[in-house]
Amino acid sequence: MTSTVALRVDDDGVARVHLDDAEHRNALSKATSDALARAVDDALARDAGAIVLTAAPPVFCAGGSLDGLLARDVPLAEMFHGMQALAHAPVPTIAAVAGPVIGAGVNLPLACDVVIVGRSARFDPRFLDVGIHPGGGHLWRLRQRVGSQGAAALVLCGDVLSGEEAVVAGLAWRCVADAEVEELALRLGRRAAGRDRELVRVTKRSLLESAVFTDAETAAEAELAVQQWSMDRPGFADGIRALQARLARARGEHNAS
């Protein structure tokens with residue numbers, strides 16, 4: 001059977017994980033969710049420094065497979081393997097969203113660190129419209145992005161956000177023309193993948209762990225240990241000296257001009 005998820009790891013260290021089931025609007029069947037999880041695991045095994053999630057148009061993800069909801073022959077928890085793989089990836093993850101994202105499909109960008117949207121994007125949780133409670137940590141992740149009022153408006157009241165509105169609400173980072181979404185996401189991915197891999201992973205872990213802190217002093221104490229670790233690593237001093245040399249050359253060139 002042809003996989004509904006494609007993986008490509010570029011030479012620059014960016015993995016492109018692509019939902020490739022346009023016929024079914026990239027709906028999250030058990031097979032697609034498992035394929036997504038395998039693609040993420042494979043990308044990490046191939047030392048990807050960042051993961052960019054894309055989807056075949058015109059619908060980014062239509063949510064859970066309706067056939068799967070009716071069959072109910074798979075434990076519900078197993079339907080979230082793909083989303084969980086994205087959420088637990090230790091490298092930066094970037095969703096490049098063009099077109100509608102519906103129901104459980106909204107979990108996919110919510111599981112990513114950064115969301116880039118096109119102007120055709122539309123975020124429509126729609127769980128209650130089909131008589132199902134949100135799952136997979138949807139409410140928690142949505143509230144983290146848009147606050148309790150925004151989550152209530154989207155989930156309880158059925159509001160829908162366009163790409164531009166998603167940026168204003170905090171659900172997405174930037175909104176650009178559809179044709180520019182993937183390239184912007186890849187550009188951010190290349191920037192992340194081009195940095196010190198270990199430092200990026202540790203910093204991402206610190207960023208996620210900081211969600212439980214309730215004051216700046218606790219956060220500063222937690223960051224102190226890892227900041228000290230970063231400065232004690234072999235090569236740190238050489239890197240600083242190289243930076244100083246580059247800055248000195250740049251100043252010399254500027255003064256000469």
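Is Arg16 buried or exposed? I looked it up: Arg16 counts as buried because its relative accessibility is 18%, where buried means under 20% relative accessible area, exposed over 50% and partly exposed in between, with a 1.4 Å probe and protein chains only.

Note on the source: this is a predicted model, where local features need pLDDT of at least 70, side-chain atom pairs count only at pLDDT 80 or more, and totals for chains, interfaces and linings use all residues. Residues are numbered from 1 along each chain as its sequence is written, and side-chain values use heavy atoms, with hydrogens and water left out.

More on Arg16. I find Arg16 in strand β2, residues 14-19 (strands are DSSP runs of E, at least two residues; helices are runs of H or I, at least four; both are numbered from the N terminus). Its side chain makes a polar contact of 2.9 Å with the side chain of Asp10 (a pair of N or O atoms within 3.5 Å, one able to donate a hydrogen and the other to accept it; residues adjacent in sequence count only if both atoms are side-chain atoms). Beyond four places in sequence, I see Arg16 in contact with residues including Val52, Glu182 and Leu186 (heavy atoms within 4.5 Å).

Whole chain. I count 10 helices and 9 strands. Buried residues make up 40% of the 257 residues.

Cysteines. My search of the whole structure gives 0 disulfides (cysteine sulfur pairs within 2.5 Å). For Cys175, the nearest cysteine sulfur belongs to Cys112, 17 Å away.
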